Amino acid sequence: MTIGELLTHKTRRNLLIGFFAWLAFAGSMFAAAELGARLLPLVLFIPFISVVIAQMFFVRCPRCNGNLGQLLVQTMAPGSLKKQVKNCPFCGVDFNDHP
Ligand SMILES: [Zn+2]
């Protein structure tokens, strides 16, 4: 597995978990009043913010430990927001290399 595949895998996993965590959080805001559990949205916000923090601070270059979390999210953005990244902006290692 190359560095690029490894980082893409981590980012894709975080985006998927984050999406479902956000969905649970958003859904709980509507269901909380009916269920009588007013703190449920607050509890379900924890997994969502945990995934955001994991993506922002713990997706790092395996060579130089540079923080690539935000950059990699941009590589998966839709349309014109999408960015292509071929190497680490901190140490210059090619993402097609092996870690
Ligand atoms: Zn690097």
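This is a predicted model: local features need pLDDT of at least 70, side-chain atom pairs count only at pLDDT 80 or more; totals for chains, interfaces and linings use all residues.

Colleague: What makes the span of helix 1 agree with its number of residues?

Modeller: Helix 1 covers residues 3-35, and its 33 residues, at 1.5 Å a residue, should span 48 Å, which agrees with the 46 Å between its end C-alpha atoms.

Colleague: Why is helix 1 called roughly antiparallel to helix 2?

Modeller: The two helices pack at an angle of about 165°, with their axes 8 Å apart. Angles over 145 degrees count as roughly antiparallel, and therefore helix 1 is described in that way relative to helix 2. The crossing of helix 1 past helix 2 is left-handed, and the residues that meet there include Ala21, Trp22 and Phe25 in helix 1 and Leu44, Phe48 and Val51 in helix 2.

Colleague: Which residues of helix 1 are buried, and what do they pack against?

Modeller: Ile3, Leu7, Thr11, Asn14 and Ala21 are buried, and the buried residues of helix 1 pack against helix 2 and helix 3.

Colleague: How do you know whether Asn65 is buried or exposed?

Modeller: Asn65 has 10 C-beta neighbours inside 10 Å, and a residue with 12 or fewer is called exposed, so Asn65 counts as exposed. Asn65 sits in the loop between helix 2 (40-58) and helix 3 (69-75), and its phi is positive, about 65°, although Asn65 is not a glycine. Most residues other than glycine have a negative phi.

Definitions and conventions. Residues are numbered from 1 along each chain as its sequence is written. Helices (H or I, at least four residues) and strands (E, at least two) are DSSP runs, numbered from the N terminus. A residue is buried if 20 or more other C-beta atoms lie within 10 Å of its own, exposed if 12 or fewer, and partly exposed in between; C-beta atoms are placed from the backbone. The expected span of a helix is 1.5 Å times one less than its number of residues. Two residues are in contact if their C-beta atoms, placed from the backbone, lie within 7 Å. Axes are lines fitted to C-alpha atoms, for helices over the stretch in contact, and angles run from 0 to 180 degrees between N-to-C directions. Angles under 35 degrees count as roughly parallel, over 145 as roughly antiparallel, 65 to 115 as roughly perpendicular and the rest as oblique. A crossing is left-handed if the near helix is turned anticlockwise from the far one by less than a right angle, and right-handed if clockwise.
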